[in-house]
Amino acid sequence: MPSRAELVAAARNTVPALREHAPWSERNGRLHDDAVAALAEAGMFRLRLPARYGGFESDARTVVDAVAELAAGDASAAWVVGVNAITTWMAALLPDEVQDEVFATPDVRLCGTLSPTGMGVPADGGLVLNGKWGFISGAPHSHWQVVIAVAPAPGGDFWPVMAVVPMSDLTTVDDWDTSGLRGTGSVSTVAENVFVPERRILPLPLVLAGQYASRANAASPVWRAPLLPTASALSVGTAVGLAAAAKAEFLDRLPTRKITYTSYEEQSEAPVTHLQLADAAMRIDEAFFHAHRLADLVDSKGASGAPWSAEERAVARADMGRAVRLAKQAVDLLAGASGGSSIYSSVPIQRILRDVQAITMHALMNPDTNDELYGRVLCGLEPNTLYF
């Protein structure tokens, strides 16, 4: 098994290739094939793959740091790797015989969402699935999708279920035309009367309660953590990596810039620059603190197998939201201090600004939503969401 340092170094080594293809990926609304190949060669799609299939079973801290490195090359590539880590982890909750099927493809790639926008109707041996799912990052390069749908529950009620479906059974709708994370290929997918065998289905309430179906993964610390804290930890690396990338880009351009219409021939001599840069740098440090505290909580609880309290689950969401908020604030500061020339499409910081804004708009990552949830639990109230 490669160490954390080795995987982070492997991620760092892909940055030149990702950076080279980032403009193409943005124009075409999906990752360039060569970027995907570079990520696969570096092992980035195996971070959360079970070891018995050639995966690394990386802890959350490793995923955060590796994904943060990728963001220096292309946030869209980093985001797709994070989504793949989450959905690969989710597929590994299913029965082991299903994993044998899903993970049989070399360098298998998965995508998916937590939104229950499909409907499953009981059929002999499974469900017939119909629905449409949006924001399916990485779909153009994936082999399987993790879907959430509503289906009849025992007793006549309905509940959400989680299932895996081959991409070949789904129709892709190329509707991804956005201001940020354009290269993620987060298109919509559609199921029309797709049969899903019962073995590939798990009731989502059981998943959220930590009642998983895999026996082979049960002893691994990676699969002893709840879904939402895990998803929170594995998704936050792109945002903090973007903030670090913004700082690096700002410092790279700084020696060649002056402040127009002032007496400052070198921007680096201006006190306002000192204040802006120091403020941004501290916010970046704080963002990484929250990302790492979240990852370390997931890793330590997984290692110990101790139960999660309501406050720990809420603080996991809050740490994610705070890391995203701080990352965006840092990028805003640095972009604002980059001058009019930074709006050219050839200057990376304008894309970083749009990408981090897109992340803050994500329903699961929105800082205000996560702060509200944390405050609600601190007040002794029940969480007002299943995604906890």
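A salt bridge here is a side-chain nitrogen of Lys or Arg within 4 Å of a carboxyl oxygen of Asp or Glu. The model is predicted. In this model, the side chains of Arg325 and Asp368 meet in such a salt bridge, at 3.0 Å from N to O. The pair links distant parts of the chain. Arg325 sits in helix H11, residues 310-336. Asp368 sits in helix H13, residues 367-378.

Asp368 has a relative accessible area of 52% and is exposed. The cut-off explains the label, because exposed means over 50%. The pair also belongs to a wider set. Arg322, Arg325, Asp368 and Asp371 are linked in a network of salt bridges.

The structure holds 18 salt bridges. Another one joins Arg4 to Asp59, where the closest N and O atoms are 2.9 Å apart. Arg4 lies in helix H1 (residues 4-13), and Asp59 lies in the loop between helix H3 (33-41) and helix H4 (60-71), so this pair ties together parts that are 55 residues apart in sequence. Arg4 counts as partly exposed, at 36% relative accessibility. Asp59 counts as partly exposed too, at 26%.

A further salt bridge runs between Arg30 and Asp33. The closest N and O atoms in this pair are 3.3 Å apart. Arg30 has 28% relative accessibility and counts as partly exposed. Asp33 is partly exposed as well, with a relative accessible area of 46%.

Now turn to the strands. Strand S1 covers residues 110-123 and strand S3 covers residues 144-152. They run parallel and are joined by six bridges.

In S2, Gly131 is the bridge partner of Gly118. What lies between the strands of the S1 and S2 hairpin? The hairpin has two residues there. In this hairpin, Gly125 takes a positive phi near 85°.

How values were computed. Residues are numbered from 1 along each chain as its sequence is written. This is a predicted model: local features need pLDDT of at least 70, side-chain atom pairs count only at pLDDT 80 or more; totals for chains, interfaces and linings use all residues. Side-chain values use heavy atoms; hydrogens and water are left out. Two strands pair if DSSP finds at least two bridges between them. Helices (H or I, at least four residues) and strands (E, at least two) are DSSP runs, numbered from the N terminus. Buried means under 20% relative accessible area, exposed over 50%, partly exposed in between (1.4 Å probe, protein chains only).
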